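Morning, everyone. I'll keep this short. Please bring up the model and follow along with me.

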Amino acid sequence: MLQPETAKLAPGLKPHLKEPSENLLLALKATLKRDLVLMLRRRGEVLNPLVFFALVITLFPIGISPDPELLAIIAPGLLWVAALLAALLSLDSLFRSDYDDGSLEQLLLAPQPLSALALAKVAVHWLLTGLPLALMAPILGIMLALPGGSYVVLAVSLALGSAILSLIGAIGAALTVGLARGGVLLSLLVLPLYIPVLIFGAGAVQAAIAGDPVTAHLAILGALLAVALMLAPWAIAASLRISING
Amino acid sequence: MSLSLQARHLACERDERWLFKGLDVDICSGEVVRIEGPNGSGKTTLLKILSGQLTDYHGELIWNGEVMRHVREHFLANLLYLGHSPGVKTGLSALENLAWYQALDGQRDNEAAAWEALESVGLAGFEDVPAGQLSAGQQRRIALARLTLTPRILWVLDEPFTAIDRHGVAALEAQLVAHANKGGCVIVTTHHELSSSPALRRIQLG
Amino acid sequence: MWSFIHKLGSPKWFYRISAKLQPWFWVAAAGLIVVGTVWGLLFAPADYQQGNSFRIIYVHVPAAFLAQSIFVSMAVAGLVFMVWKIKVADMAAAVMAPLGAAMTFVSLFSGAVWGVPTWGTWWMWDARLTSMLILLFLYLGVIALRGAFTSRDSASRAASVLAMVGVINIPIIKYSVDWWYTLHQPATFTITSRPAMPMDMWLPLLIMVLGFYSFFIALTLMRTRNEILRRESNKRWVRELVEGAK
């Protein structure tokens, strides 16, 4: 039945008969590029989470004590909690502008699977939020007297962990994008889901300090990332479809 | 047989209120169908259902004789939908905006086509200006450039005349009729009165 | 099977059948809870370690069981609603959420009260209590998300997706919190995991658990019936029902 009589149609108006999914890679690349360009043109939005991260870390020695020995004990947890909150900060804008200007509708109507296109957007979020936070964390670690030998583990665990945070957070962002004031609600939705990542991420750094092997922690983070990569895109896509009808 | 979109006993319930019930729609090649009705009568909702965005309806949608849910990908590959909001990124230039839509359509690096399309909607000279610096009407024209740029059979347009000047309105109207005459079909909502043409048909809601 | 599911899904049919079922569950709940309470508080032997304070187990454990089961039932109801578009399932999920949050609170509160004689403090970051606290936040998130939408259809779908995402995460959270607890605290004494309980302590607990479940089912049936009347108030069968009652 999919063979309409094309004679009536002018050239150039021939119906698409092939499956459009072969163009998926092209669409993914274009979406990645578009979001990267957009974010890099608004550098403030990229820098804000980083500044926030540094600021929060500054608050702790002032609020608790500048004693390096005390700071060294709490540094892994502080760095992880602060990075987690910084990543959360930029989450609300993940789909917000697309929702406001109508691009989200177009994304939903693209012949490519929505979950894949949404994954591209999440990847950009991680590249410009999670990864910079992970790279910046060791510098703040020095300021918190983080014991040596744990810096690489800190950066690696944050890089892995923040990817999970971006994926889970995107579900929350997709669910709340249609709501006028979704920001606080978004934190309420996703923070409880962040707890396992925090436990294994901060645990990895603590294990490194204690001289214990960290491969188990990182392997679990990797496993969580694999699960999130499998399931989150579907949840994000379903949530976006709900929000667009809101 | 030509391309056709049919709705059978279409009904949509929004929060325990029926927007419309028992609606039968037949749309074929060569038609411009205008959905009419007062505010809140469900015009936009109907367009969203007919463009496959809303799946929460009663009744059946049939695309070329097949149930739409089963041939969704094929349907989407033949559909061009322009919604209330133009879908234009203010941070990107007109060309960059169109480049993304070209990629979603499966076209590889065809900047010449984008230039042509922008010229056809009267945006020559504004190709590289960030869309945020353009007027609302010009942003709408970037979206309308997709009508030329992406050859799709079925156009579903929600208030496409918004913010467009009188000259642009006439050109767009001519474009809709021309598309129908070429064998395409157009479903449109608008407050603007379309001049009568043999291709024009109306569906009354509410 | 199919017609059965759809019949069950019709609010009118559910309203009628639940009227017949409801009294049985109320009777069972009242009977079991009275028997369990009297047995547990008066006749079960005192614990050789904790004396009589262990008797709070007869509230704490059933509440904790129920708190977790309700979240799972809510997610299953959400799945049924999303897949088969059965509105009664969503109504049930909507009324379950506050009940589940209340049960989580009861189990947290009874755990805290229990902590006073056991640990000498109202709060310890015990693995079970921590998991329960996170579960409470998950419940609050689902309730808040449902309340945030103006359109009830979107609210129902969004809450369903979040409940499903939450239910996938609950085992991960529970496992990671247990792991975190054993790492940080010397495993001294968790309040509920205990070596083989004698039969006459254990039987009243089983009766209480069954009583709590009956109570949950009875209350859910009752509240779902109210929800049906509220949401279907413009349907003819509800109007006839109301007019007939006058």
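Let's begin with a helix pair in chain A. α3(A) passes α7(A) in a right-handed crossing. Helices are DSSP runs of H or I, at least four residues, and strands are runs of E, at least two, numbered from the N terminus.

Before going on, some ground rules. This is a predicted model: local features need pLDDT of at least 70, side-chain atom pairs count only at pLDDT 80 or more, and totals for chains, interfaces and linings use all residues. Residues are numbered from 1 along each chain as its sequence is written, while chains are lettered from A and ligands numbered from 1 in the order in which they are written.

Back to the pair. α3 of chain A covers residues 68–89, and its axis comes within 10 Å of that of α7(A), crossing at roughly 35 degrees. Axes are lines fitted to C-alpha atoms, for helices over the stretch in contact, with angles from 0 to 180 degrees between N-to-C directions.

Who meets whom? On the α3(A) side, look for Leu79(A), Ala83(A), Leu84(A), Ala87(A) and Leu88(A). Their α7(A) counterparts include Leu158(A), Ser162(A) and Leu165(A). Contact means C-beta atoms, placed from the backbone, within 7 Å. The residues of this contact divide into eight nonpolar, three polar and no charged. Nonpolar is Ala, Val, Leu, Ile, Met, Phe, Trp, Tyr, Cys and Pro; charged is Asp, Glu, Lys and Arg; the others, Gly among them, are polar.

Now zoom in on Ser162(A), in α7 of chain A. Is Ser162(A) buried or exposed? Buried, because 26 other C-beta atoms lie within 10 Å. The cut-off for buried is 20 or more; 12 or fewer is exposed, and in between is partly exposed. Beyond its neighbours within four places in sequence, Ser162(A) is in contact with Trp126(A), Gly130(A) and Leu133(A), among others. Leu133(A) is 29 residues away along the chain, yet the two C-alpha atoms are separated by 8.6 Å.

Next, the contact between chains A and C. It takes 20 residues from chain A and 23 residues from chain C. On the chain A side, α7 (151–176), α8 (183–210) and α9 (215–245) each supply at least two residues. α8(A) gives the most, with ten residues. That side of chain A has 16 nonpolar residues, four polar and no charged.

That's my tour. Thanks.

Key:
Two residues are in contact if their C-beta atoms, placed from the backbone, lie within 7 Å. A crossing is left-handed if the near helix is turned anticlockwise from the far one by less than a right angle, and right-handed if clockwise.
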